[in-house]
Amino acid sequence: MYVTAPDRTGEVQLSDGRLLGWAEWGPPEGTPVLFSPGAATSRWLGFGADVIDRLGVRLVSVERPGLGASTPLPGRTFADFVADIRQFTTIRGLGRPAMVGNSQGAPFALACAEEDVTAALAIVSGADEVAAPEFASVLPAELRKLVDWTVRDAAEAERFFAGYSADSLLDFVLGGSPECDLEVYREPGFADAYRRALNEAFAQGAAGYARDTVLAMSPWSIDLNKIFVPVDVWYGELDQSHSPDNGSLLATRIPGAQHHLVPAIGGAVLWTHAEPILSTLLTRANIQS
């Protein structure tokens, strides 16, 4: 069992009146672990269904603005997300939680780590900074074209990404996944949860996903050298869609980061290896505190 429905859901109202949608799994008194989910998977797709209770984890997923129940914030930045999470953790009584950033949620989690909002961070199948000059010559031609376009004309690229839907994004993910990942994604319980998560994410349209994509695909306004909390970078060795080098360069850019390359899996490593990811994260957070 890879996923279950959330144990609790709700919305938090921020100081400017906007709402952030959230979902929780695990014991309410457990150790908080904040989750920055992947592209347009909203608050409805968790992970670690078979381990969070045993590990005593209170997993808290937060929807970025424009996704699911979260109020849109046109033109938002990574700094805006950090400010939202500062408020959210205070309102929800999470303190300075450990954090997991998956896929397109990774740079948002890194922004929180730069500002010391988190006690420790796990980047799992993270969307890498594909606009970094080190990757200019190694990106596939189609991705290189999208990156160059986004850097050159972010507004036009954002309008293009706003044309995506739950169906088209699901087709994109499944079409780029190795068979070992498809075994996870096609498992009936996971498939149903993934479809619900995508449908919820696009409930307000695609503007939230489009803004996320432009931020992730542009040069990041994040100083990775200023991240001093413990960071673990996890990739499946068969992952060909999140990072040109499965996070090797990313790990070297973050002081003290540990790089983990998991064999025989791709981007589904968050669900197949939830226990070592969470166990390592909890250890790092305890050492940090």
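Helices (DSSP runs of H or I, at least four residues) and strands (runs of E, at least two) are numbered from the N terminus. Contact, or touching, means heavy atoms within 4.5 Å. Angles run from 0 to 180 degrees between N-to-C directions, along axes fitted to C-alpha atoms, for helices over the stretch in contact.

What's loaded is a predicted model, where local features need pLDDT of at least 70, side-chain atom pairs count only at pLDDT 80 or more, and totals for chains, interfaces and linings use all residues. Residues count from 1 along each chain as its sequence is written, and side-chain values use heavy atoms, without hydrogens or water.

**Stop one: the sheet.** Select the eight strands, which make an open sheet ordered β1-β2-β4-β3-β5-β6-β7-β8, with mixed pairing (two strands pair if DSSP finds at least two bridges between them). At its edges sit β1 (8–13) and β8 (258–262), each pairing on one side only. On average, neighbouring strands here are turned by 20° against each other, direction ignored.

**Stop two: β6 and β7.** Now pick residues 121–124 (β6) and 231–236 (β7): they run parallel, joined by four bridges. Look for L121, opposite V231 in β7.

**Stop three: helices on the sheet.** Colour 106–114, helix α3, which packs on the sheet and touches β3, β5 and β6, its direction at about 160° to that of β6. Then try α2 (78–91), lying across β1, β2, β3, β4 and β5 at about 150° to β3.

**Last stop: α9.** Select 207–217: 10 of its 11 residues are buried, so α9 is largely enclosed by the rest of the structure (buried means under 20% relative accessible area, with a 1.4 Å probe and protein chains only). Among them are Y209, R211 and D212. The buried residues of α9 pack against α2, α3, α4 (141–152), α5 (154–161) and α6 (166–175).

Methods
Buried means under 20% relative accessible area, exposed over 50%, partly exposed in between (1.4 Å probe, protein chains only).
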